[in-house]
Amino acid sequence: MRFLFMVSLVCLAFGSVASDTPQSAVNSLFQAMSHEPQKKPDIDKLKQLFHPEAKVFGVHLKKGMPSLMSLTGQEFIKLLDKTSEKGFYECEIVRKIQTYDRFSHVYSVAETRFNKGQTNPDFTGVNSIQLYKADQKWQIMSLYYQVENPAKAIALESGKSGVCLN
């Protein structure tokens, strides 16, 4: 019992990421990405969440046409490692998880706001997150996200705008 208490204290002291389930890993991802104005994402947490071999793919619309970005997890984190003038608040509103043994797939719909208190999101996107359980913790192997195309609405099915899951 004393040993578990000491391990818990060490984890708290060094900012360990709770990723003992796919749900906790995804919660940590959205928490790490979100930040106040004049701040940056929690880079240390992101480094723990992404597997060293992770890949990130993102689709954005440029002049109405889809543009695919492909990065390693380390490149993605490096891209985020800067102070932002605006805040960035991720609010996950839909999540579907499928898990088999050491593999998990998460389909997620998230809203992004630059002002924490605003009612409507600045944009909405879908995410496909693949996780692998390595050394008793779940890590992101790949993240594919696509910012919503205004011509194709995202079906929320079980979610509600502005009601965050985490």
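**Strands, a disulfide and a buried asparagine**

Asn-127 is found in strand β5. This is a predicted model, where local features need pLDDT of at least 70, side-chain atom pairs count only at pLDDT 80 or more, and totals for chains, interfaces and linings use all residues. Residues are numbered from 1 along each chain as its sequence is written, and side-chain values use heavy atoms, with hydrogens and water left out.

Q: Why is Asn-127 called buried?
A: Buried means under 20% relative accessible area, exposed over 50%, partly exposed in between (1.4 Å probe, protein chains only). Asn-127 has a relative accessible area of 10%, so Asn-127 is buried.

Q: Which residues are in contact with Asn-127, leaving aside neighbours within four places in sequence?
A: Contact means heavy atoms within 4.5 Å. The partners of Asn-127 include Phe-30, Val-106, Tyr-107 and Leu-143.

Q: What is the order of strands in the open sheet?
A: The six strands run β2-β1-β6-β5-β4-β3, with mixed pairing. Strands are DSSP runs (E, at least two residues), as are helices (H or I, at least four), and both are numbered from the N terminus.

Q: What makes β2 and β3 edge strands?
A: Two strands pair if DSSP finds at least two bridges between them. β2 (65-72) and β3 (89-100) each pair on one side only.

Q: How do you know that β3 and β4 pair?
A: They share 11 bridges, in the antiparallel sense.

Q: Which strands does helix α2 lie across?
A: Helix α2 (residues 22-33) lies across β1, β3, β4, β5 and β6, at about 160° to β3. Axes are lines fitted to C-alpha atoms, for helices over the stretch in contact, and angles run from 0 to 180 degrees between N-to-C directions.

Q: What makes Cys-91 and Cys-164 a disulfide?
A: A disulfide is a pair of cysteine sulfur atoms within 2.5 Å. Here S to S is 2.1 Å. Cys-91 lies in strand β3 and Cys-164 in the segment after β6, so the pair ties together parts that are 73 residues apart in sequence.

Q: Why do Cys-91 and Cys-164 fall into the classes they do?
A: Cys-91 has 4% relative accessibility, so Cys-91 counts as buried. Cys-164 has 38%, so Cys-164 counts as partly exposed.

Q: Where does pLDDT stay under 50?
A: pLDDT is the predictor's confidence in each residue, from 0 to 100. It stays under 50 over residues 1-16. The mean pLDDT of the protein is 87.
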